[in-house]
Amino acid sequence: MLTADQLAVIKATVPVLQEHGETLTRHFYQRMFEHNPEVRPYFNPAHQRSGSQQRALAGAICAYAQHVDNPAALTDAVELIAQKHVSLGIRPEHYPIVGENLLASIKEVLGDAATDDIIDAWAAAYGALADIFIGREADIYQEQEQRFGWQGFKPFVVARREAESDNITSFYLRPADGAALHPHKPGQYITLRVDVPGAGPVMRNYSLSNAPGDQHFRISVKREAAPVDGAPDGVCSNHLHANLKEGDRVALAPPAGEFVLDTREQDAPVVLIAGGVGITPLLSMLHQCLAASPASRPVTLIQGALNSRVHPFREEVRALAAAHPNLQVHVRYSDPLAGDEPGRGYHSNGLIDEALLDALTVDGAHYYLCGPEPMLRHVHALLSRRGVPMERVHYEFFGPAAALAA
């Protein structure tokens, strides 16, 4: 437990963190990778280059400082991060490395302003937060062992690969030992570890896009191009697209993640809103909704894509709609090609807007959103203006943890 004086010191540092948080986190990562290079494989270098990892950590530290006297307010954030930690194999022995470099960074960035009282208070605060994460992560590891039968990384074989669009390829993965797979929760992701020439072992999270209960895991990987001139293309995604063949082996950690379909209200309408490769976890949810819910349950899929070249799962979604009259599908292109016409493989042009939601959604629905952050912020704001209770809005975007309401 932190003392009253330590709590007061942490609270007093909030304005400093709001102003200088990203400077601190940039220094922290640089210092940690220099002094403890063994932890570098746990971090996505693209997120480091873009600064998104640093911004996410700065926001998390600031949020913790604001709620240090009421950690329960951070339960959702703790769960998101703990699931991510477990997916990568973070263990209790990693926490002292982070703590040591964080405290050293506070001293080095703040200089004389980092008094002994501040360092003492943050050491205590970090220790308390580490204990929360270590406890929750131990529970998740145990849950994975009980549900899926393994922890850590296990060999899988590529049983099949299939192009879903010009930039997305699906890989069907089976356990190398032939063991049966326990159904994952729709929306969960796995962590794939693969050796990339010139980069060494690389770990990446990929959502499971197949129906729970299949005797394979399917990941559907977007080939990531360089975001700006001079930056490298996505290391792992490009390697998988170019080199991963049927019969090859990879290592997978068990499914993880808190963005999962709520199965408690079997009759409540469900609206799935996907942008680009964000369709992947929602497709798993869609399969589950249609297989396990009453045929009277209204299910809506709104799928956004740039155009026909990068419109994935067209035939799979079309087959589901043909087999399930309660499924309503609307596909919208935001940047159609010259030959793209509404009514020929998709429905309309433009961004997802209020009129589209008015036409397709019903009261009392649960909304699941996944896609690029700008699209999620836009749709989240539309739903908020419509008065949708936020406890019925669930979302995930692919990148470091952050909050849409931030």
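This is a predicted model: local features need pLDDT of at least 70, side-chain atom pairs count only at pLDDT 80 or more; totals for chains, interfaces and linings use all residues.
Of the 14 residues that line the second largest pocket, Arg-40, Pro-41, Phe-43, Asn-44 and Pro-45 are the closest to its centre, a lining residue being one with an atom within 4 Å of a point. Two or more lining residues are given by each of α3 (45-50) and β4 (200-207), and the largest share, four residues, comes from β4; helices (H or I, at least four residues) and strands (E, at least two) are DSSP runs numbered from the N terminus. Gly-200 has its place in strand β4 and is partly exposed, with a relative accessible area of 26%, given that buried means under 20% relative accessible area, exposed over 50% and partly exposed in between (1.4 Å probe, protein chains only). The C-alpha atoms of Gly-200 and Ala-256, which are 56 residues apart along the chain, are separated by 24 Å.

Residues are numbered from 1 along each chain as its sequence is written. Local features need pLDDT of at least 70 and side-chain atom pairs count only at pLDDT 80 or more, whereas totals for chains, interfaces and linings use all residues, and side-chain values use heavy atoms, with hydrogens and water left out.

Phe-43 also belongs to an aromatic cluster that it forms with Phe-28, Tyr-29 and Phe-33. The structure holds 10 aromatic pairs, in which the ring centres (the six-membered ring for Trp, alongside the rings of Phe and Tyr) lie within 6.5 Å, and planes under 30 degrees apart count as stacked, over 60 as edge-to-face and the rest as tilted. The rings of Tyr-29 and Phe-33 have centres 6.0 Å apart and planes at 35°, so this pair is tilted. Both residues lie in helix α2 (residues 14-35), where they are four residues, or about one turn of the helix, apart. Tyr-29 counts as buried at 4% relative accessibility, and Phe-33 likewise counts as buried at 9%.

Charged side chains also sit over rings, a placement that requires NZ of Lys or CZ of Arg within 6 Å of the ring centre and within 35 degrees of the ring normal. The charged end of Arg-91 lies over the ring of Tyr-141 at 3.7 Å from its centre, and that of Lys-84 lies over the ring of Tyr-189 at 4.8 Å from its centre.

An open sheet is formed by six strands in the order β10-β9-β8-β7-β11-β12, with parallel pairing; two strands pair if DSSP finds at least two bridges between them. β10 and β12 (393-396) stand at the edges with a single partner strand each, so one side of each is left without a neighbour in the sheet. Strand β9 (residues 327-333), of which six of seven residues are buried, is joined to the parallel strand β8 (residues 299-305) by seven bridges, with Val-331 as the bridge partner of Gln-303. On pairing with β10 (residues 348-349), β9 contributes to two bridges in the parallel sense, and Tyr-333 stands opposite Asn-349. Five bridges join strand β7 (residues 270-275) to the parallel strand β11 (residues 366-370), where Tyr-367 is the bridge partner of Val-271.

Notes:
On a 1 Å grid over the protein atoms alone, a cavity is a set of points where a 1.4 Å probe fits but cannot get out, and a pocket is an open set with protein on both sides within 12 Å along at least five of seven lines; lining residues have an atom within 4 Å of a point.
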